Amino acid sequence: MVIEALWAGGESLDSVLERRGYVDVAALGVGIEVRLMYAREDNFTGRVLYPEGVLERAWLHRDAAEALERAGRLLEELAPGVHLLVKDAGRPMSVQRAMYRAVAGSPKARYVANPARGGGLHNYGLAVDVTLADGNGNELPMGTEVDYLGAEANIDREEALVGRGVISETERQNRLLLRRVMCEAGFSTIRTEWWHFNLCSREVARRKYELFDF
């Protein structure tokens with residue numbers, strides 16, 4: 001269901017999202033921090049895609065939020081003082097369209113799910129872009145920034161990247177820690193982005209869940 005139809009009735013966006021089964025990530029209670037990268041210009045599109053007052057929180061479908069909470073608790077056990085830092089979560093299809101238009105015709109376009117083909121799992125609130133941060137909120141070194149477009153972000157080349165001095169062993173171990181807690185919590189990886197985790201496949205999402213849109 002398009003949430004905008006409900007929101008237009010005068011109910012607050014937050015209450016509509018909660019009623020539709022979405023959870024505010026910052027309210028999970030396991031020290032998860034949120035800094036939405038598309039609310040600023042310093043993302044790979046160079047544009048603000050989440051205007052102020054429209055999407056200021058990270059929302060996930062309840063199923064994904066529960067998995068993220070499990071990951072946060074596991075991280076607390078394995079690496080005290082380190083916490084998850086969420087950079088993007090549920091992404092409205094309206095934003096997906098704006099993102100796709102921003103990179104259309106460029107090499108960046110292959111990194112963005114085509115909204116005309118149903119978009120991706122962010123558009124169901126079932127994917128999260130996440131990294132690690134220390135107790136002061138400083139991001140741990142991971143070899144690249146979140147949303148870096150290039151082979152250095154691939155998870156299947158990390159040993160070779162260390163061998164060539166492109167990333168450090170510490171950076172590789174940080175990636176492995178992130179993957180361990182996320183995958184043990186129920187998420188899966190994608191090859192090209194160390195920070196991106198999916199709860200399920202697109203086929204399952206389209207069969208069982210509603211699009212996140214407003």
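**Notebook: rings, pockets, strands**

Ring pairs link Tyr38, Phe44 and Tyr50 into a cluster. I note at the start that this is a predicted model.

Entry 1, aromatic pairs. I counted the ring pairs and got four aromatic pairs. I then looked at Tyr38 and Phe44: their ring centres are 6.4 Å apart and their planes stand at 70°, so I logged the pair as edge-to-face. The cut-off for that label is an angle over 60 degrees. Both Tyr38 and Phe44 are buried. Next I took Tyr38 with Tyr50, which is also an aromatic pair of the edge-to-face kind, with 6.1 Å from centre to centre and 90° between the planes. Tyr38 and Tyr50 both sit in the loop between strand E2 (33–34) and strand E3 (59–61), so this pair ties together parts that are 12 residues apart in sequence. I checked burial here too: Tyr38 is buried, and Tyr50 is buried as well.

I read off a volume of about 430 Å³ for the largest pocket. Its lining has 23 residues, and the closest to the pocket centre are Tyr111, Ala113, His122, Glu193 and His196. E7 gives the most, with four residues. By class I have 10 nonpolar, seven polar and six charged residues in the lining of the largest pocket.

I found about 160 Å³ of space in the second largest pocket. Phe44, from the ring cluster, turns up again in this lining. I also listed Met37, Arg40, Asp42, Asn43, Lys87, Glu139, Glu145, Val146, Asp147 and Tyr148 as lining residues. The classes here are four nonpolar, one polar and six charged.

Is strand E4 (residues 83–88) mostly covered or mostly open? I found it mostly covered, with six of its six residues buried. I then looked up its partners. E2 and E4 run parallel and are joined by two bridges. In that pairing I noted Val34 opposite Val86 of E4. With strand E5 (residues 127–133), E4 pairs in the antiparallel sense, over five bridges. There I noted Leu85 opposite Thr131 of E5.

Notes: Residues are numbered from 1 along each chain as its sequence is written. This is a predicted model: local features need pLDDT of at least 70, side-chain atom pairs count only at pLDDT 80 or more; totals for chains, interfaces and linings use all residues. Side-chain values use heavy atoms; hydrogens and water are left out. Rings of Phe, Tyr and Trp (its six-membered ring) pair if their centres lie within 6.5 Å; planes under 30 degrees apart count as stacked, over 60 as edge-to-face and the rest as tilted. Buried means under 20% relative accessible area, exposed over 50%, partly exposed in between (1.4 Å probe, protein chains only). On a 1 Å grid over the protein atoms alone, a cavity is a set of points where a 1.4 Å probe fits but cannot get out, and a pocket is an open set with protein on both sides within 12 Å along at least five of seven lines; lining residues have an atom within 4 Å of a point. Grid points are joined across faces, edges and corners, and a volume is the space filled by probe spheres set on the points. Ala, Val, Leu, Ile, Met, Phe, Trp, Tyr, Cys and Pro count as nonpolar, Asp, Glu, Lys and Arg as charged, and the others, Gly among them, as polar. Two strands pair if DSSP finds at least two bridges between them.
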